[in-house]
Amino acid sequence: MEFAYAMSALAAGISVISSGIVGLGQGIATGKAAEAIARQPEAKGSIMSTLVIGIAVAETTAIYGFVIGILLLFANPLLK
Amino acid sequence: MDFNNKKILPLFEINGQTVWMTQSILGTWIIMAALILFTVFVNIYMRVKKFEDVPKPRSLQNVLEVAVDSMHNLVRDNAGNDLGWLGGYFFGVFVYIVCCNYAPLLKLRPPTADIATTLPLALNTFLLIHVLGLVKRKGEYLKDYVKPMFLFLPIHLIGELARPISLALRLFGNLLGGMIMIDLLYHALPLYFRIALPVPLHIYFDIFIGALQAFIFTFLSITFISEHASVEGE
């Protein structure tokens with residue numbers, strides 16, 4: 001039983017790796033948006049709103065990893 | 001530490017299973033009562049003060065007109081004029097989610113940090129997408145599923161089923177994450193530091209993320225609906 005607890009804690013840690021990868025993607029998106037604003041400062045409003053929506057959509061992947069981590073820690077179906 | 005939804009009162013029984021009043025149900029009821037009272041107040045105020053159709057309205061009328069108009073314009077811009085009536089529904093959803101996300105400011109557990117609140121909201125969107133798609137576009141709507149060829153049918157079906165799940169989990173995960181971060185900070189700090197130090201976290205996780213996620217939920221719902229239900233060539 002201790003082994004299962006240890007492994008689920010480890011799995012919760014691994015599942016949060018997804019947020020690191022999403023951070024990479026969001027950084028790339030923000031960099032591209034900064035380039036776009038530098039090229040066309042008058043389009044700042046629409047670029048910003050597209051960026052915010054896009055980042056929020058990309059963040060869903062990180063949220064999946066987070067939800068799986070929370071499930072493993074607080075509501076683990078395997079340990080019941 | 002316990003981040004679960006705590007049970008407060010047993011409400012009634014179905015087949016021997018007790019249905020409990022949880023923290024999120026209590027929060028939902030408080031928010032619903034506040035919103036209903038506000039609506040009744042505005043309705044009476046509107047009749048007493050005689051809101052008029054003037055170019056420069058004042059005070060409460062101004063605020064309400066800006067709020068309602070901007071949501072209707074968002075729907076009209078993204079989904080077309082014939083779906084403009086959805087603005088009322090989405091205004092309600094937006095205000096409800098914002099109030100839910102701001103609940104931690106009053107020491108309540110945010111009802112949106114519970115999958116039982118966000119999944120029904122997402123399923124409403126799911127129903128609206130497909131019912132409106134079928135009613136507005138009929139055969140054209142069904143053709144969407146076999147574009148560009150018949151082999152893509154399972155991919156389209158999985159994509160459609162993933163939409164409500166991703167909508168629900170996005171709102172739920174963001175709010176739960178924020179709640180856990182703030183709770184951890186409160187537990188880590190000694191009692192006399194809890195007055196000022198958590199304020200930046202409240203500003204970011206509750207006020208900024210709360211408003212952003214509410215907007216994203218409504219905006220994505222509108223976009224999904226317009227994708228399937230807008231008549232092309234408008």
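In this predicted model, the rule finds 1 residue pair in polar contact across the interface of chain A and chain B, with both residues at pLDDT 80 or more. On the side of chain A that touches chain B, the residues divide by class into 10 nonpolar, 1 polar and 1 charged.

**The interface of chain A and chain B**

- The size of an interface is often expressed as the accessible area that is lost when the parts come together.
- Between them, chain A and chain B bury about 1,200 Å², and carbon and sulfur atoms account for 79% of that area.
- Chain A contributes 12 residues to the contact, and chain B contributes 17 residues.

**The largest pocket: space and lining**

- The largest pocket holds about 660 Å³ of space.
- Its lining consists of 32 residues, and by class these are 21 nonpolar, 10 polar and 1 charged.
- The lining residues nearest the centre of the pocket are Glu59(A), Ile63(A), Asn174(B), Tyr204(B) and Phe205(B).

**The largest pocket: contributing helices**

- From chain A, α2 (17–39) and α3 (44–74) each supply at least two residues of the lining.
- From chain B, α6 (153–188) and α7 (199–229) likewise each supply at least two residues of the lining.
- The element that gives the most to the lining is α3(A), with 11 residues.

Conventions: Residues numbered from 1 in each chain as written. Chains lettered and ligands numbered in written order. Predicted model: local features only at pLDDT ≥ 70, side-chain atom pairs only at ≥ 80, totals over all residues. Heavy atoms only, no water. Contact = heavy atoms within 4.5 Å. Buried area = accessible area lost by both parts, 1.4 Å probe. Polar contact = N/O pair within 3.5 Å; in protein donor to acceptor, adjacent residues only side chain to side chain. Nonpolar A, V, L, I, M, F, W, Y, C, P; charged D, E, K, R; others polar. 1 Å grid on protein atoms, 1.4 Å probe; cavity = no way out; pocket = protein on both sides within 12 Å on 5 of 7 lines; lining within 4 Å. Points joined across faces, edges and corners; volume = space filled by probe spheres on them. Helix = DSSP H or I, 4+ residues; strand = E, 2+ residues; numbered from the N terminus.
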